[in-house]
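Here is a short report on one protein model. Keep the sequence and the coordinates at hand while reading.

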Amino acid sequence: MATFSNVVINSAKVAIAGGAVYYTVKQGVWSDTGEGSAALENVRETILPATATEYISKIPSPGNAITSGLGMWNGGVQTVFSFIANIPSNVKYYSKVAVTEAVSVVRGS
């Protein structure tokens, strides 16, 4: 019985995903820029009249997205190199933690 319910659930998931893809293709979301803009206007006017403008205003401009992406990249690089620079102290600390946990597990059993 469990396999039948899995088939039904997975079929429903595939149908929902297929329907979503079909609807977006029919609306022109995946077409050229003009049809994509028309689809966005359609969503803005019919489906989400009050909230679409709010969400669209939260989309960052390309310049802000690039600046934000560069900042996140630089932060990631700094974190990696900070970790590499502190490997000796990190290894020392985490080895003490591991020994302490191992001893507590052995004593507890």
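Which residues does Thr-24 touch, not counting residues up to four places away in sequence? The model is predicted, and in it Thr-24 touches Val-29 and Trp-30. Thr-24 sits in helix H1, which covers residues 2–27. Its relative accessible area is 23%. Exposed would need over 50% and buried under 20%, so Thr-24 is partly exposed. Ala-39 lies 15 residues from Thr-24 in sequence. In space, the two C-alpha atoms are 8.6 Å apart.

**Domains**

The protein splits into domain 1 (1–59) and domain 2 (61–108). The C-alpha centres of domain 1 and domain 2 are 39 Å apart.

**Helices H4 and H5**

Two packed helices are described by the angle between their axes and the distance between the axes. Helix H4 spans residues 62–85 and helix H5 spans residues 87–108. Their axes come within 5 Å and cross at roughly 70°. Angles of 65 to 115 degrees count as roughly perpendicular, so H4 and H5 are roughly perpendicular to each other. The residues that make the contact are listed by helix.

| Helix | Contact residues |
|---|---|
| H4 | Phe-83, Ile-84, Ala-85 |
| H5 | Ile-87, Pro-88, Asn-90 |

By class, this contact of H4 with H5 has 5 nonpolar residues and 1 polar residue. It has no charged residues.

**The aromatic pair**

A pair of aromatic rings is described by the distance of the centres and the angle of the planes. The count here is 1 aromatic pair. Tyr-93 and Tyr-94 form it, with 4.9 Å centre to centre. Their planes are 70° apart, and the pair is edge-to-face. How accessible is Tyr-94, and what does it count as? Tyr-94 has 53% relative accessibility, so it counts as exposed.

Notes. Residues are numbered from 1 along each chain as its sequence is written. This is a predicted model: local features need pLDDT of at least 70, side-chain atom pairs count only at pLDDT 80 or more; totals for chains, interfaces and linings use all residues. Side-chain values use heavy atoms; hydrogens and water are left out. Axes are lines fitted to C-alpha atoms, for helices over the stretch in contact, and angles run from 0 to 180 degrees between N-to-C directions. Helices (H or I, at least four residues) and strands (E, at least two) are DSSP runs, numbered from the N terminus. Angles under 35 degrees count as roughly parallel, over 145 as roughly antiparallel, 65 to 115 as roughly perpendicular and the rest as oblique. Contact means heavy atoms within 4.5 Å. Ala, Val, Leu, Ile, Met, Phe, Trp, Tyr, Cys and Pro count as nonpolar, Asp, Glu, Lys and Arg as charged, and the others, Gly among them, as polar. Domain bounds come from an automatic or database domain assignment. Rings of Phe, Tyr and Trp (its six-membered ring) pair if their centres lie within 6.5 Å; planes under 30 degrees apart count as stacked, over 60 as edge-to-face and the rest as tilted. Buried means under 20% relative accessible area, exposed over 50%, partly exposed in between (1.4 Å probe, protein chains only).
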